[in-house]
Amino acid sequence: MLSRLLKEHQAKQNERKELQERRRREAIAAATCLTEALVDHLNVGVAQAYVNQRKLDHEVKTLQVQASQFSKQTAQWISMVEGFNQALKAPTLWNSKSKL
């Protein structure tokens, strides 16, 4: 009778251990899946940030080139306007000298 009780107890203990081991494996698998999903989600965000940064870098370079060209063109316009102003002033000087 005691040996039967001992065997039943051991059988129940083994069942509990197997159940606990199965649950442990399931928990590990679920945690692994969650971790992989979180990492994938994070990687998508990082990849998008990298793409955006590359686009911004390209736009900055383009803007720098355009700003440089605009600056040069503005300097040329200023030079032309100053030359035009000087050309307009020259006849005025001649006219004022001729009146004297």
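Q: Why does E8 count as partly exposed?
A: E8 has a relative accessibility of 37%. Buried means under 20% relative accessible area and exposed means over 50%, with partly exposed in between (1.4 Å probe, protein chains only). The value for E8 lies in between, so E8 counts as partly exposed.

Q: What kind of model is this, and how are its residues numbered?
A: This is a predicted model, in which local features need pLDDT of at least 70 and side-chain atom pairs count only at pLDDT 80 or more, while totals for chains, interfaces and linings use all residues. Residues are numbered from 1 along each chain as its sequence is written, and side-chain values use heavy atoms, with hydrogens and water left out.

Q: How many helices and strands does the protein have?
A: The protein has one helix and zero strands. Both are DSSP runs numbered from the N terminus: helices are H or I with at least four residues, strands are E with at least two. Helix α1 covers residues 2–99.

Q: What share of the residues counts as buried?
A: Of the 100 residues, 0% count as buried. Q66, in helix α1, is partly exposed, with a relative accessible area of 45%.

Q: Why is the contact of R4 and E8 called a salt bridge?
A: A salt bridge is a side-chain nitrogen of Lys or Arg within 4 Å of a carboxyl oxygen of Asp or Glu. The N to O distance for R4 and E8 is 3.1 Å, so the pair meets the rule. Both residues lie in helix α1, four residues apart, which is about one turn of the helix. R4 is partly exposed, at 47% relative accessibility. Side chains of opposite charge can pair when their charged atoms come close.

Q: What makes E21, R24 and R25 a network?
A: E21 takes part in two contacts that meet the rule: with R24 at 2.5 Å and with R25 at 3.6 Å. The three residues are therefore linked in a network of salt bridges. R24 and E21 are three residues apart in helix α1, whereas E21 and R25 are four residues apart. E21 is partly exposed at 29%, as are R24 at 43% and R25 at 48%.

Q: How many salt bridges does the count give?
A: The count comes to three salt bridges.

Q: Why are M1, L2 and L5 called a nonpolar patch?
A: Patches are made of residues with over 30% relative accessible area and no salt bridge; like charges are joined within 9 Å, nonpolar side chains (Val, Leu, Ile, Met, Phe, Trp, Tyr) within 5 Å. L5, in helix α1, has 42% relative accessibility and so passes the 30% cut-off. M1, L2 and L5 form the patch, with about 390 Å² of accessible area together. Such areas come from the Shrake-Rupley method with a 1.4 Å probe; for residues, only the protein chains shown count as cover.
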